[in-house]
Amino acid sequence: MRKILGFIIAVLVLVGCSTLDCPLNNSVYTYYKVMSDSTVDTLSVISFRHTDNEGVQLNKLANPDSLQLPISYTGDKDILYFVSKMKSGTETIDTVVITKSNFDHFESVDCSPSVFHKLLDVTTTHHAIDSIVINHRDVDYDYSKKHFSIYFRHLH
Amino acid sequence: MITAKNILASISVICTSLLLIIGMPANAQEKKIEQNSNTEKIKVIQHIAISADLIGPIQMAVSDYGQYEAQARFDIKDKFYPVVELGVGKADATDESTQIRYKTAAPYGRIGCDWNLLKDKHDIYRLFAGFRYAFTSYKFDVSQPHLVDPVWGDDVTFGAEGVKANQHWLEAVGGVDVKIWGPIRLGWSIRYKKRIAHQDGFLGKTWYVPGFGKTSDSQIGGTFNFIIEL
């Protein structure tokens, strides 16, 4: 009887043991690759919160080569302001609009909920930015993908 | 010289030999009759056993998931045991840190066969090994009532209801059961479960699969069975 009880406890422990299977990288960002040698000295990206319209700085880089930016959980469009300060001191602001769709993603009850996205379109003004091209439309945990290629104008 | 004594001895030898010769077929016949009667005693289907797993309900009581499972087992000459298992697996789990709730309840089925590994097949103890093929089709609900976008501040309703999923898997089974009293037996089994095909639905992944356990490529599980032989 003792042996049977011991076995039941062993099986319950085996069955009850669990591991956390959350992916190591569980952040969802969009990744931009700067494709041209630009005269941009520093690049700041800001947006405005939907709740209180307060400005949020998403990123600030010197001599940008690439950048990663968050993407909103909800909403069909994200409006981003790329503030480019040239080496000459000139500062310009481009408005980039990303049109997207959103998909809830569930891994496990132990893992933080995530939202994946599909990039549908991107438009930009052309003060410092020449063009932005979508390379990969799926925005998920894969941080090796460069979703956008951004081309700056040569300004002085 | 042939004496009476010699004749008597010869007659004795002949009679003894004759008796032996007559006796052998009789013994063989008795042995054959005994074997025949033994063979006649062993039916093809010795018993049909109905059992219930006791670990599943205990698991349900002490954790967020578990199952109710019953088994019908056919005893073929105390050697082979074709088995059908049916159960209902349930989960209702909410994680304290993420506040995500996962809920599902669905039936599952297994079919397979066990083999009695003991030399004496008719002993009250049985040591068996076998396999199962299992399948379940289920729906699950995931919800997180209060998810806030950390950058843009939006309040997001996360999750979905009635997400359809299914899974096929194989099990390698080993176990023991023993006669306790009359038709009542108790037994336990340990199982290695290996997923062979699955569809997790549109939400990403599943967390608990009825009959299989928490989602992974493989699992180790067990049962403790209360068995009645009919």
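1. The second largest pocket of this predicted model holds about 260 Å³ of space. It is lined by 15 residues, and those closest to its centre are Asn26(A), Ser27(A), Val28(A), Tyr73(A) and Pro150(B). Strand 7 (residues 114-124) of chain A gives the most to the lining, with three residues.

2. Over all chains, 19 salt bridges are found. One of them joins the side chains of Glu69(B) and Arg110(B) at 3.0 Å, N to O. Glu69(B) lies in strand 2 of chain B and Arg110(B) in strand 4 (residues 101-116), so the pair ties together parts that are 41 residues apart in sequence. Both Glu69(B) and Arg110(B) are buried.

3. Glu85(B) and Arg191(B) form a salt bridge through their side chains (2.8 Å, N to O). This pair links strand 3 of chain B, which holds Glu85(B), to strand 7 (residues 184-199) of chain B, which holds Arg191(B), 106 residues apart. Glu85(B) counts as buried because its relative accessibility is 0%; Arg191(B) is buried too, at 4%.

4. A salt bridge also connects Asp217(B) and Arg195(B) (2.6 Å, N to O). Asp217(B) is in the loop between strand 9 (213-214) and strand 10 (218-229) of chain B, while Arg195(B) is in strand 7 of chain B, 22 residues apart. Asp217(B) is partly exposed at 47% relative accessibility, whereas Arg195(B) is buried at 15%.

5. Shared partners join Glu69(B), Glu85(B), Arg110(B), Asp114(B), Arg132(B), Glu171(B) and Arg191(B) into one salt-bridge network.

6. Asp78(B), in the loop between strands 2 and 3 of chain B, is buried but has no salt bridge; Arg126(B), the nearest side chain of opposite charge, is 4.1 Å away. The Asp78(B) side chain does make a polar contact with that of His122(B), at 2.8 Å.

Technical notes: Residues are numbered from 1 along each chain as its sequence is written. Chains are lettered from A and ligands numbered from 1 in the order in which they are written. This is a predicted model: local features need pLDDT of at least 70, side-chain atom pairs count only at pLDDT 80 or more; totals for chains, interfaces and linings use all residues. Side-chain values use heavy atoms; hydrogens and water are left out. Helices (H or I, at least four residues) and strands (E, at least two) are DSSP runs, numbered from the N terminus. Buried means under 20% relative accessible area, exposed over 50%, partly exposed in between (1.4 Å probe, protein chains only). Lys and Arg count as positive and Asp and Glu as negative; His and the chain ends are not counted. A salt bridge is a side-chain nitrogen of Lys or Arg within 4 Å of a carboxyl oxygen of Asp or Glu. A polar contact is a pair of N or O atoms within 3.5 Å; within protein, one must be able to donate a hydrogen and the other to accept it, and residues adjacent in sequence count only if both atoms are side-chain atoms. On a 1 Å grid over the protein atoms alone, a cavity is a set of points where a 1.4 Å probe fits but cannot get out, and a pocket is an open set with protein on both sides within 12 Å along at least five of seven lines; lining residues have an atom within 4 Å of a point. Grid points are joined across faces, edges and corners, and a volume is the space filled by probe spheres set on the points.
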